[in-house]
Amino acid sequence: SNEAILFLGVLATAAAISFLGLAVDTGSGHFSLLILLATLAYGALGLWFYSGLTWVFALLSLGSWMGAATGYASGWGAYYLGMNYPVRFVLFGLLLIFCGNAVFKAWPQRQELLRPTRVMGLLYVFIALWILSIFGDYRGAYNWLETRQIELLHWSILFAAAALAAIHHGVRYDDAMTRGFGLTFLFINLYTRFFEYFWDSTHKTVFFALLALSFWYLGSRAEKIWNMEAVKKIAGKQ
């Protein structure tokens with residue numbers, strides 16, 4: 001009930017800031033300042049009340065502010081400092097993870113907020129990498145439609161490398177969070193590539209039969225795959 005009431009407070013704060021924006025709107029389109037105000041409010045409340053839910057909204061608002069601020073600075077173009085939105089969010093997620101580790105390990109009274117910070121940072125990184133593996137770092141839809149799938153392969157490899165690095169970290173340090181993120185997005189990467197490369201060239205009966213078999217296999221081995229038992233045994237022998 002405590003978190004539910006705080007959630008209502010989050011919604012009321014968002015509504016108050018929205019109406020403030022309407023009241024002071026000058027037509028400049030610089031609404032990222034309102035998002036920054038929401039970020040500061042949620043962040044202060046999350047730290048004050050020691051609320052993971054409010055802190056998550058602060059991090060969501062922070063990501064929204066970063067996207068809106070860089071979009072406004074670039075004139076709402078596709079690129080800012082040579083980076084499109086997904087590339088910016090990969091760097092933003094990594095910065096969030098490293099800064100969160102540094103701040104909350106030095107602030108033990110609020111160390112439990114490190115977990116939601118890491119979760120949000122990993123989400124920013126992996127979702128942005130997934131989008132890059134599909135659309136690449138292109139200016140618009142026309143450029144992407146003229147691009148062959150093989151030209152996006154390096155983004156898929158980078159996505160897979162990040163997932164494998166997360167799995168390695170999770171196994172080495174017995175970190176269920178990074179291991180879970182790595183496994184989840186590794187399979188998302190593989191299934192995305194399966195759809196990209198075989199949807200047009202494979203008969204749909206065969207396509208969905210292979211898809212069903214893979215789901216059956218993963219379902220029957222889910223616990224072993226999730227816990228990485230075989231990898232842990234190899235690591236233990238080494």
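In the predicted model, Trp 199 is in contact with Phe 194, Lys 204, Phe 207 and Phe 208, leaving aside its neighbours within four places in sequence. Trp 199 sits in a loop. The loop lies between helix H8 (176-198) and helix H9 (204-220). The relative accessible area of Trp 199 is 33%.

For Thr 192 the relative accessible area is 13%. Thr 192 is therefore buried, since the value is under 20%. Its contacts include no residues up to four places away in sequence, as these are not counted; on that basis Thr 192 touches Trp 130 and Ile 134.

A helix pair was examined next. Helix H2 covers residues 32-49 and helix H3 covers residues 52-73. The two pack with their axes 8 Å apart. The angle between them is about 160°. Angles over 145 degrees count as roughly antiparallel, so H2 and H3 are roughly antiparallel to each other. Their crossing is left-handed.

On the H2 side, the contact is made by Ser 32, Ile 35, Leu 36, Ala 38, Thr 39, Tyr 42, Gly 43, Leu 45, Gly 46 and Leu 47. H3 contributes Thr 54, Trp 55, Phe 57, Ala 58, Ser 61, Leu 62, Ser 64, Trp 65, Ala 68 and Ala 69. Of the residues in this contact, 13 are nonpolar and seven are polar. No charged residue takes part.

Thr 54, one of the H3 residues in this contact, was considered in more detail. Thr 54 has a relative accessibility of 4%. Thr 54 therefore counts as buried, being under the 20% limit. The side chain of Thr 54 makes a polar contact with the side chain of Ser 51, at 3.0 Å. Tyr 42, Leu 45 and Gly 46 are among the H2 residues of the helix contact.

Across the protein, the secondary structure comes to 11 helices and zero strands. The pattern along the sequence is α-α-α-α-α-α-α-α-α-α-α. The protein has 238 residues, of which 37% are buried. Contacts between residues at least 6 apart in sequence were also examined. Of these, 60% join residues at least 24 apart.

How values were computed: Residues are numbered from 1 along each chain as its sequence is written. This is a predicted model: local features need pLDDT of at least 70, side-chain atom pairs count only at pLDDT 80 or more; totals for chains, interfaces and linings use all residues. Side-chain values use heavy atoms; hydrogens and water are left out. Axes are lines fitted to C-alpha atoms, for helices over the stretch in contact, and angles run from 0 to 180 degrees between N-to-C directions. Helices (H or I, at least four residues) and strands (E, at least two) are DSSP runs, numbered from the N terminus. Angles under 35 degrees count as roughly parallel, over 145 as roughly antiparallel, 65 to 115 as roughly perpendicular and the rest as oblique. A crossing is left-handed if the near helix is turned anticlockwise from the far one by less than a right angle, and right-handed if clockwise. Contact means heavy atoms within 4.5 Å. Ala, Val, Leu, Ile, Met, Phe, Trp, Tyr, Cys and Pro count as nonpolar, Asp, Glu, Lys and Arg as charged, and the others, Gly among them, as polar. Buried means under 20% relative accessible area, exposed over 50%, partly exposed in between (1.4 Å probe, protein chains only). A polar contact is a pair of N or O atoms within 3.5 Å; within protein, one must be able to donate a hydrogen and the other to accept it, and residues adjacent in sequence count only if both atoms are side-chain atoms.
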